[in-house]
Amino acid sequence: MPVQINIPPQLREQTGGQANVPVSGQTVREALADLVRQHPAVQTKLFDESGQLRRFLNVFVNEEDIRYLEELDTPLTGNEVVVLLPAVAGG
Amino acid sequence: MTDFLATRGSPVGRGYATNLRCRVCGKRYDIQPLNYCTDDFGPLEVEYDYAAIARVLTREQIERRPYNMWRYRELLPLDGEPTVGMQVGGTPLIRAERLAEALGVERLWIKNDAVNFPTLSFKDRVVAVALSKAREFGFRTVGCASTGNLANSVAANAAAAGLEAYIFVPADLERAKILGTSVYGAKVIGVTGTYDEVNRVASQVAMEYGWGFVNINLRAFYAEGSKTMGFEIAEALGWRVPQHVVAPMAGGALIGKIYKAFSELQQIGLIGEFACRMHGAQASGCNPIADAVKTGRERHKPVRKPNTICKSLAIGDPADGYFAAKLVRQTGGYAEDVSDEEIRKAMVLLAKTEGIFAETAGGVTLAVTQKLIEQGRIGRDEEVVICITGNGLKTQDAIVGTVEEPTIIKPSLDAFAAVLEQPALV
């Protein structure tokens with residue numbers, strides 16, 4: 001099974017309406033790179049000019065925030081669901 | 001409310017809010033239920049036509065209105081009349097003489113939102129704005145992710161407004177806060193996990209189902225309600241700002257909105273120049289913002305598993321953490337955190353000196369204030385306002401074992417007389 005990236009509604013315009021995009025990659029970084037390869041318009045939404053992940057975007061692997069794992073180097077084995085979510089919520 | 005009708009006249013419709021603006025890139029959006037920038041996910045902030053407000057709003061006009069949060073309604077993001085939470089706000093600012101003596105300071109005030117209406121916390125302010133706005137947008141179903149106080153408030157205010165409510169809370173929340181939500185007929189979803197996990201699920205639900213979640217897609221409007229705490233502090237002090245404010249930090253929005261309130265009053269000419277040091281308070285068991293301030297880190301390090309009796313502040317990954325830490329630094333304030341034992345002691349001190357039973361977050365705020373005074377960051381001759389945001393009746397378990405148990409006697413006068421002879425009770 002490929003890794004699935006769950007796309008928030010506001011980014012689906014950039015993914016041709018797809019809510020889940022299958023990608024390949026050994027790490028979150030590679031999975032996101034594959035997402036960008038398939039849907040190049042996503043690049044500037046996810047990353048700033050210096051290539052850093054946007055400050056107010058959270059990334060989860062199987063419901064765990066990657067900041068508690070190995071950030072973008074978090075390894076993927078092939079069945080994970082990666083969720084992209086705006087950080088500005090709650091409180 | 002008739003004077004609101006008379007004073008409305010902004011060029012953008014009926015209210016004075018003009019647009020939403022990204023706090024990161026500055027991109028502007030029309031007023032809509034959206035909490036983040038679609039370019040960079042930055043948080044959106046409500047902007048107003050301050051020139052138009054300055055033309056119509058005076059101190060006298062505000063003072064003539066009923067003492068509740070809507071007396072500052074031009075500075076809140078509604079287009080029409082408020083329709084939810086009409087009696088919210090207008091809580092007391094108390095000169096705390098006995099507590100001041102105990103802390104060794106001269107001028108201490110308590111802004112007491114433990115008696116806010118209807119659900120005894122400052123959250124009624126934000127919910128009143130969010131649900132009034134939800135109705136303007138046409139939502140019939142609303143919701144929130146909550147550590148408890150917000151759950152109570154959304155449930156109660158939604159019930160009164162006839163809205164359906166879905167409330168997401170950590171499953172291990174205090175029983176009083178869960179019952180105090182369910183009673184209003186809200187659907188309570190207890191999520192097995194931390195608040196941040198609750199928040200993630202609620203965010204996904206809000207996006208997929210298109211409901212009005214007060215602290216998710218309505219968050220830009222919701223957070224504006226917190227400003228009214230700041231407006232009330234300044235007005236109650238005679239239209240001026242204190243030298244220090246100490247506020248609890250969970251998501252980190254409140255402290256910023258109190259400061260925004262002071263800045264707006266200055267911008268529309270209702271107060272003069274001011275210098276106020278904003279101090280933030282957290283529990284040591286969940287201190288991401290205080291840690292960022294103390295270590296000089298720009299971005300907070302999220303706390304995976306909060307561990308504190310103060311569940312209402314137990315947000316490990318605060319949405320406004322970056323901005324709260326920045327504000328504290330910019331205003332020359334500081335942030336501190338305190339242990340569960342310090343929290344309990346401060347709750348009891350506040351109750352015994354001022355007759356105010358605050359929830360655990362109040363204990364955090366007071367204990368941090370004590371710390372800041374001891375550190376010399378708050379001068380003993382300087383004026384301080386501390387923000388009490390919730391009621392102790394909701395977190396009574398926290399002080400079990402800290403306060404004295406009742407003395408049990410037989411129903412006789414002699415038995416009572418014998419109690420009086422016990423030296424421990426003199």
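Predicted model: local features only at pLDDT ≥ 70, side-chain atom pairs only at ≥ 80, totals over all residues.
B:Phe41 belongs to the loop between strand 2 (28-29) and strand 3 (44-48) of chain B. Although B:Phe41 is not a glycine, its phi is positive, at about 70°. Most residues other than glycine have a negative phi, and most peptide bonds are trans.

The loop between strand 5 and helix 5 (123-137) of chain B holds B:Leu120. Phi of B:Leu120 is also positive, near 65°, in a residue other than glycine. B:Leu120 counts as buried, because it has 22 C-beta neighbours inside 10 Å. B:Pro118 is likewise placed in the loop between strand 5 and helix 5 of chain B. The peptide bond that joins B:Phe117 to B:Pro118 is cis, with omega at about 5°.

## The parallel sheet of chain B

One open sheet of chain B consists of four strands in the order 8-7-6-9, with parallel pairing. Strand 8 (187-191) and strand 9 (212-213) of chain B are the edge strands; each has a single partner strand, so one side of each lacks a neighbour in the sheet. Five bridges connect strand 7 (residues 164-170) of chain B with strand 8 of chain B in the parallel sense. Within strand 8 of chain B, B:Ile189 stands opposite B:Phe168.

Helix 8 (residues 195-209) of chain B lies across strand 6 (141-145), strand 7, strand 8 and strand 9 of chain B. This helix runs at about 150° to strand 7 of chain B.

## The mixed sheet of chain B

Another open sheet of chain B has six strands, in the order 4-5-13-10-11-12, and its pairing is mixed. At its edges stand strand 4 (93-95) and strand 12 (335-338) of chain B; each has a single partner strand, so one side of each is left without a neighbour in the sheet. Neighbouring strands of this sheet are turned against each other by 25° on average, direction ignored. Strand 4 of chain B pairs with strand 5 (residues 107-112) of chain B in the antiparallel sense, over three bridges. B:Trp109, in strand 5 of chain B, is the bridge partner of B:Arg95.

Helix 11 of chain B lies across strand 10 (244-248) and strand 11 (277-283) of chain B, and runs at about 150° to strand 10 of chain B.

In soluble globular proteins, nonpolar side chains tend to be buried together. The largest nonpolar core here has 160 residues, of which B:Val154 and B:Ile167 touch the most other members. Helix 11 (residues 253-267) of chain B gives the most to this core, with eight residues. The core draws at least three residues from each of domain 1 (2-85 + 123-222) and domain 2 (93-118 + 226-399) of chain B. Residues up to four places away in sequence left aside, B:Ile167 touches a set of residues including B:Cys144, B:Ala151, B:Val154, B:Val188 and B:Ile189.

Helix 10 (residues 227-236) of chain B is mostly covered, with nine of its ten residues buried. The buried residues of helix 10 include B:Met229, B:Phe231 and B:Ile233, and also B:Lys227, B:Glu232 and B:Glu235. Just after this helix, B:Gly238 takes a positive phi of about 85°.

Strand 5 of chain A is largely enclosed by the rest of the structure, because five of its six residues are buried. Strand 5 of chain A pairs with strand 1 (residues 3-6) of chain A in the parallel sense over three bridges, and A:Val82 is the bridge partner of A:Ile5. Strand 5 of chain A also pairs with strand 3 of chain A, in the antiparallel sense and over five bridges. In that pairing A:Val83 of strand 5 is the bridge partner of A:Phe60.

The two chains meet where 18 residues of chain A are in contact with 26 residues of chain B. Strand 3 (57-61) and strand 5 (81-86) of chain A each supply at least two residues of the side of chain A that touches chain B. By class, this side has eleven nonpolar, three polar and four charged residues.

Technical notes: Residues numbered from 1 in each chain as written. Chains lettered and ligands numbered in written order. Contact = placed C-beta atoms within 7 Å. Nonpolar A, V, L, I, M, F, W, Y, C, P; charged D, E, K, R; others polar. Pairing = 2+ DSSP bridges. Axes fitted to C-alpha atoms, helices over the stretch in contact; angles between N-to-C directions. Core = buried A, V, L, I, M, F, W, Y, C linked by C-beta atoms within 7 Å. Buried ≥ 20, exposed ≤ 12 C-beta atoms within 10 Å, placed from the backbone. Domains from an automatic or database assignment.
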